[in-house]
Amino acid sequence: MIRAPFDRKIQSYQRLLLPKTPAEFKRSLEKSSGRRIELTMTHNHRSMLRSIPLQSGRILVRAHNMFLYAPPTMVSLVGRYIANPLDRIASHAVDFFISGELDRIDAVKKTTRQQVPKRTRGRHFNLREIFQSLNEDEFEGQIQAGITWSKGKRLAKRSTTILFGSFTPGNDEDPGLIRIHPALDQEFVPKEFVEFVVFHEMIHVVIPVRLRDGRRVVHPPEFRERERKFRHYEFATKWENHNLHRFIG
Ligand SMILES: [Zn+2]
């Protein structure tokens, strides 16, 4: 009789587990620890699990989101550990779980990086160089994001710079990606204008989209203010007005 290897079965079982909600996770922790818990879920990569006993008898717990994927037996071990950090079995089990999840996060990180090959050198403009000089001159080197020429979908008739660039925000494991439309990689396009489009996307990195009355505000007033401070703002906006038809005509 041929049997599937036992540990393979366990692995696929774990991957099929759906994440718990933080409320469910908290309830399970309270049950297994026998204590009242104040829970905060984090993306903090340095401290995956912290518990601080409060004078009220409650325990303050800060846990990485990975724990929402922990199987039930693991969650009860986390509860045991929180109730008694000196519980050797529980503490080893928690460490083991964390290191396994970190390995998995690393593996995902590698594949996502491979999925988006970055192309920064165009025929006329080098995006990496433009990004770096803007970063130093305008953002004190603070901007962390990837940049690439995009695949060049057809341009829609919209008369703003959104047309030429986009920014996909990242997370703890990935700094996000700026994409610039390859239609800008042409001889008649002045470098100042390419810089302006890259500059615009870089502002998106520092001024994230926010919600106001349930609506997304992509370019709030402070965004436009920052944009106007671009060193070639007048030139770039004028050039855009006069030349937009050449891209979408
Ligand atoms: Zn924008």
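Strands E2 and E3 run antiparallel and are joined by five bridges. (Strands, labelled E, are DSSP runs of at least two residues; helices, H or I in DSSP, need at least four; both are numbered from the N terminus.) Two strands count as paired if DSSP finds at least two bridges between them. Serine 51 stands opposite valine 61 in E3. E2 and E3 form a hairpin, with five residues between the two strands. In that turn, glycine 57 has a positive phi of about 95°.

This is a predicted model, in which local features need pLDDT of at least 70, side-chain atom pairs count only at pLDDT 80 or more, and totals for chains, interfaces and linings use all residues. Residues are numbered from 1 along each chain as its sequence is written.

What is the order of its strands? The order is E1-E3-E2, in an open sheet of three strands with mixed pairing. Strand E1 (37–42) and strand E2 (49–53) are the edge strands, and each pairs on one side only. The twist averages 15° from one strand to the next. Angles here run from 0 to 180 degrees between N-to-C directions; axes are lines fitted to C-alpha atoms, for helices over the stretch in contact. E1 and strand E3 (residues 59–64) run parallel, joined by six bridges. Threonine 40 has arginine 62 in E3 as its bridge partner. Helix H2 (residues 22–33) packs on this sheet and touches E1 and E3. The direction of H2 makes about 135° with that of E1. Touching means contact: the C-beta atoms of two residues, placed from the backbone, lie within 7 Å.

Strands of a sheet pair through backbone hydrogen bonds, either parallel or antiparallel.

Now move along to another sheet. This open sheet of three strands has the order E4-E6-E5, again with mixed pairing. Strand E4 (146–149) and E5 stand at the edges with a single partner strand each, so one side of each has no neighbour in the sheet. The twist averages 20° from one strand to the next. E4 pairs with E6 in the parallel sense, over four bridges. Glycine 146 stands opposite leucine 177 in E6. Two helices pack on this sheet. H5 touches E4 and E6, and its direction makes about 145° with that of E4. H6 touches E5 and E6, and its direction makes about 20° with that of E5.

Follow H6 next. Helix H6 (residues 191–206) has 16 residues. From first C-alpha to last, H6 reaches 23 Å, close to the 22 Å expected at 1.5 Å a residue. That expected span is 1.5 Å times one less than the number of residues. Is H6 largely enclosed or largely open? Of its 16 residues, 12 are buried, so H6 is largely enclosed by the rest of the structure. (Buried means 20 or more other C-beta atoms within 10 Å of a residue's own; exposed means 12 or fewer; partly exposed lies in between; C-beta atoms are placed from the backbone.) The buried residues include Phe193, Glu195, His200 and His204. Among the elements that cover them are helix H5 (127–139), strand E6 (177–180) and helix H7 (221–228).

Isoleucine 203 is found in H6. It counts as buried, with 21 C-beta neighbours inside 10 Å. Leaving aside residues up to four places away in sequence, isoleucine 203 touches Phe223, Arg226 and Glu227. Isoleucine 203 and phenylalanine 223 are 20 residues apart along the chain, yet their C-alpha atoms are separated by 7.0 Å.

H5 also meets H6. Their axes come within 10 Å and cross at roughly 60°. Residues of H5 including Leu127, Phe131 and Phe139 meet residues of H6 including Val194, Val198 and Met202.

Glutamate 140 has a positive phi of about 50°, although it is not a glycine. This residue is exposed, with 8 other C-beta atoms within 10 Å.

Step back to the whole chain. It has nine helices and eight strands. Of its 249 residues, 18% count as buried. The chain averages a pLDDT of 84, and 84% of the residues score at least 70. (pLDDT is the predictor's confidence in each residue, from 0 to 100.) Over residues 1–15 the pLDDT is below 50. Where pLDDT is low, the predicted coordinates should not be read in detail.
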